Amino acid sequence: MPELQVPVLVWGGGSGGVAAAIQAARRGARTLLLTPGPWLGGMVSAAGVCAPDGNELSPWQTGIWGAFLRAVAAGEPTGLDHNWVSCFGFRPSTAEQVLRDWVGALPALTWWPDCRLVEAARQGDRLVSVTVERQQCAWRLGLELAVDGSDRGELIALTGEAHRLGWEPREQWQEPSAPLRRQLESDPFFASQPVQSPTWVAMGRLRHDRRCPAPAEQTAALAAPFAKASGAFGLERTITYGRLPGDLVMLNWPLHGNDWHRGLERAFAADREAERQLEREMQEHSLAFAQALADASDGWLELAPTFPQGEAGGFELSGPSPLALMPYWREGRRLRGLCTVVETDLLPQGRGAATIAALPERDGRVDAVAVGNYANDHHYPGGDWPLAAKSCRWGGRWSGTPFSIPYGALVSAETSNLLAADKCISVSHMANGATRLQPLVLNIGQAAGLAAALCLERACSPAELPVMVLQEALIADPEAPAGPFPLWDTPWYHPQWRQRQLACLADPARLSDRGQLDLPQQRAAAPLLPPPEQGERRWQGVLVGEADGSFALHTQGERWPLITLEPAVHHWFAQQASGSVVALAAVANPWGPWLRVTRF
């Protein structure tokens, strides 16, 4: 058996895995990235979830997530404003190309696609090697540090690492949205639904020579078992939910759509044939859903062979396919780390329109390495699971309140040279609903990869790495500076962004529960507006206040709701009087529908 020794080994087809590998190699650590499929990007490309949720406001567009967002925007001639579920939409191939360009530019990074994990070897509390099969050849890979960057914690399981899978009772961590212990023990639902429901994304395309039929015709054409799929939204809104450039549409619909709920335990049973059967069922279900929408649309929607040929879920694909290359797993095995993120860690402290969660601490120091803000979202069969509120009205829309992920949640408590970099970090089942999204996962991966490189430099274990060293390196990163601290009023392009992040690091008490830093220059600074964006143009009209506190622009007989991702524009909205005549720069999204205001 051929052998190879690598300082940093990253396993995973997840977005966090590729981010970890890129960041470790950018720091100079020789890194080997192993993926089970032919694409790199996990959720953002191979799984087809190309309308990201969370970290949409410009203060949270930092790190590899922010750099990725700006790179895919540069690669999409028509911009990213194409759907109503997200402020961003891009083609899977565009995302994949960005990541391949980044990987290809790094001499220290080697990527092996189409690998299969076989076994892992330990000595005491260390992982010393991993055996993989690639191109019908088994390789034994020795390593100094390992990173699990998979959606389902596959390397964690192979090492024998203690991990969590499934629900925890409310009594364990006093999470307000968790079920009571007696419910977990008596209701068969919890055993049959160990993790959030996954989706196998399918891609469609809208035809300009056809139109969406009238509602009555839509209802008649939508076949069972998907007759309820469009529900109160209507067929057109259901289809354009995940519209992407090039008239592609991401078909990832949770309500009586292509979420899959049955037999999910097969994904964690170490039985490859049972897992392949599960994947085949998921694919058949998703294709049936996509075809039902296409049939109901009277030809307005057609299936789009977007992904390359190959094998996925046991299906031999003879040519390009509308099915993503991998399923969108929302949850899997979760590491038992030095600390565990629970739902109460993510909920805002205080009241008001812009509040943050309490900063995590460990050993007397602030332990924050990545900012997320997703509201929390769980997918199961039946009605919505009731969740504690963590959203606010901001910039004319609902946005999640921010929180910080601690470094301790990335570090194994049992294996001294193992880090987690994707959904498999140390979180509770309930908290996973807010920590599993693409933007945050990319930045978690960045923190894990940088930590691995720093551990090599300092000849220490991940648990021994001082978190301040990691935080300073994230903030100072020359290519993708990442902010560990949630500052509502400091967008990524602010000239004092680094200074403000470092000020929080030096004195976290100066960060209020409203995400503002007590700095004289902040109080005196004039409003800062973002750099010009592709697709923005000048709009003029009457600004009209709405009952919920938002605004719309009335111009030439049209009414456009207004949203913004920019702090300066958000504050400007609040200062305007309804009925004012205003001029704005904005990007129009008719599928929202809204104007995304970039400057005033």
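**Exercise 1.** Find which residues Thr35 touches, not counting residues up to four places away in sequence, and decide whether Thr35 is buried or exposed.

*Solution.* With contact taken as heavy atoms within 4.5 Å, Thr35 touches Trp11, Gly12, Gly13, Trp111, Trp112, Pro113, Asp114 and Cys115. Thr35 itself lies in the loop between strand S2 (31-34) and helix H2 (63-75), where helices (H or I, at least four residues) and strands (E, at least two) are DSSP runs, numbered from the N terminus. Buried means under 20% relative accessible area, exposed over 50%, and partly exposed in between (1.4 Å probe, protein chains only). Because its relative accessibility is 0%, Thr35 counts as buried.

This is a predicted model, in which local features need pLDDT of at least 70 and side-chain atom pairs count only at pLDDT 80 or more, while totals for chains, interfaces and linings use all residues. Residues are numbered from 1 along each chain as its sequence is written, and side-chain values use heavy atoms, with hydrogens and water left out.

**Exercise 2.** Determine which residues of H2 meet which residues of H3, and sort the contact by class.

*Solution.* On the H2 side the residues are Ile64, Ala67, Phe68, Ala71, Val72 and Gly75, and in H3 they meet Thr94, Ala95, Val98, Leu99 and Trp102. By class, this contact has 9 nonpolar, 2 polar and no charged residues, where Ala, Val, Leu, Ile, Met, Phe, Trp, Tyr, Cys and Pro count as nonpolar, Asp, Glu, Lys and Arg as charged, and the others, Gly among them, as polar.

**Exercise 3.** State which residues of helix H14 (residues 467-476) are buried, and what they pack against.

*Solution.* The buried residues are Val467, Leu470, Gln471, Ala473, Leu474 and Ile475. The buried residues of H14 pack against strands S15 (365-366) and S16 (368-372), and against helices H13 (438-458) and H15 (497-506).
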